[in-house]
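Hi there,

Here is the structure I promised to pass on. Have a look at it first, and my notes on what I found follow below.

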Amino acid sequence: MRKTLAVFLLITLGACSQAPEEADTGEETPYSVSFFGELGNPHFRSFEGDIPDDREESIDVEGEGREVAPDATILYTAASFTDRGQVLVEPTGPVLGKAEDAPIDVVGITEGSRVLQINPQETGAEIVVIDIHHTTAQGEEREIAGTASITVGDDGVPTLGSSEPVEQLSTSIAIRGAGAQVAADDHIYLQYSLYEAETGELIDTTWPASPILLDLEGTMEGLQTGIAEAPVGSRLLIQIPAHQAQGTDDLIAIVDILAVHEDEDVDDDMESEPTSTSEPTELSSADR
């Protein structure tokens with residue numbers, strides 16, 4: 001009798017200890033996708049959950065820059081991965097183009113953002129990544145020595161607040177970026193304004209239209225030397241004597257360094273170059 005009762009209790013307790021099977025509700029598990037890496041260099045981390053039935057877009061990192069307008073020219077990096085992390089398209093660019101022509105709808109999204117698009121396939125999914133670069137300098141603000149100064153308007157556009165006579169080529173960093181140093185033979189994306197130093201008259205500017213791609217080896221000596229070795233993301237005030245400019249007047253340049261163009265082959269039609277009339281020289285460390 002005791003043996004029979006013990007067997008009964010063992011069977012009963014064993015049955016009670018088994019967890020009930022979860023019912024299949026047929027509902028999809030929301031997906032979660034994650035990337036890491038600096039802006040312009042995205043790396044796949046993980047994809048979890050069910051792949052959506054239709055194309056979906058999301059913001060992986062929300063930037064704090066300007067909001068992209070419908071008619072804006074943007075600077076972006078594009079890449080593509082599978083939901084298992086296989087690279088389909090290596091990060092390319094940065095690319096300078098109209099917002100409406102970007103692979104993903106980025107209108108209304110802020111610069112500095114990383115945008116994802118999930119494209120369902122027959123098996124798995126393609127994940128398109130768009131990193132929207134800033135079109136103004138980003139970094140640590142610094143005071144500029146001397147009487148020349150930069151004023152920033154409500155629209156974020158920097159202008160020359162005051163000028164001074166140019167004694168020698170010199171570069172002051174108004175905003176120090178955190179990116180890589182620019183080499184003297186780089187092709188770089190930038191915004192710039194050129195002023196006549198004596199009068200402060202504006203000669204040429206890319207603001208507020210759009211950045212340009214500039215071949216540093218093909219530009220005026222003073223601009224090339226003044227930009228070289230500065231970190232990407234910086235805003236520079238460069239004082240250029242006439243013999244290192246266009247040969248006529250002393251100039252002052254305000255330059256925002258946005259990105260380095262990584263591709264070796266550069267289409268000549270992509271570039272816009274201020275005139276160069278002299279050979280490049282090195283800028284001494286005392287000037288920086």
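This is a predicted model: local features need pLDDT of at least 70, side-chain atom pairs count only at pLDDT 80 or more; totals for chains, interfaces and linings use all residues.

Let me start with the surface: E28, D50, D53, D54 and E56 together form a negative patch. D54 has a relative accessible area of 56%, and because the cut-off for exposed is over 50%, D54 counts as exposed.

The salt bridges may interest you next. There are two of them in the structure. In one, D131 pairs with R114, and the closest N and O atoms are 2.7 Å apart. This pair links distant parts of the chain, with D131 in strand β7 (residues 125–132) and R114 in strand β6 (residues 114–120), 17 residues apart. Are these two partners buried or exposed? D131 is buried, at a relative accessible area of 0%, and R114 is buried too, at 3%.

The other salt bridge joins the side chains of R235 and D256, again at 2.7 Å from N to O. Here too the pair links distant parts of the chain: R235 belongs to strand β15 (residues 235–240) and D256 to strand β16 (residues 251–260), 21 residues apart. R235 has a relative accessible area of 6% and is buried, and D256 is buried at 0%. Buried means under 20% relative accessible area, so both R235 and D256 fall under that limit.

Now to the strands around β12. Strand β12 (residues 187–196) pairs with β14 in the antiparallel sense, over four bridges. Which residue of β14 is the bridge partner of H187? That is D215. Strand β14 itself (residues 212–215) is covered on both faces: I212 and L214 are buried on one side, and L213 and D215 are buried on the other.

β12 also pairs with β13, likewise in the antiparallel sense, this time over three bridges. Within that pairing, S193 has T205 of β13 as its bridge partner. The hairpin of β12 and β13 has five residues between the strands, and G200 there takes a positive phi near 80°.

The peptide bond from W207 to P208 is cis, with omega near -5°. W207 is buried, with a relative accessible area of 6%. Which distances separate W207 and G156? They are 51 residues apart in sequence and 10.0 Å apart in space, taken from C-alpha to C-alpha.

E229 is not a glycine, yet its phi is positive, at about 80°.

Best wishes

Methods: Residues are numbered from 1 along each chain as its sequence is written. Side-chain values use heavy atoms; hydrogens and water are left out. Patches are made of residues with over 30% relative accessible area and no salt bridge: like charges are joined within 9 Å, nonpolar side chains (Val, Leu, Ile, Met, Phe, Trp, Tyr) within 5 Å. Accessible areas come from the Shrake-Rupley method with a 1.4 Å probe; for residues, only the protein chains shown count as cover. A salt bridge is a side-chain nitrogen of Lys or Arg within 4 Å of a carboxyl oxygen of Asp or Glu. Lys and Arg count as positive and Asp and Glu as negative; His and the chain ends are not counted. The place of a charge is taken as NZ of Lys, CZ of Arg, CG of Asp or CD of Glu. Buried means under 20% relative accessible area, exposed over 50%, partly exposed in between (1.4 Å probe, protein chains only). Helices (H or I, at least four residues) and strands (E, at least two) are DSSP runs, numbered from the N terminus. Two strands pair if DSSP finds at least two bridges between them.
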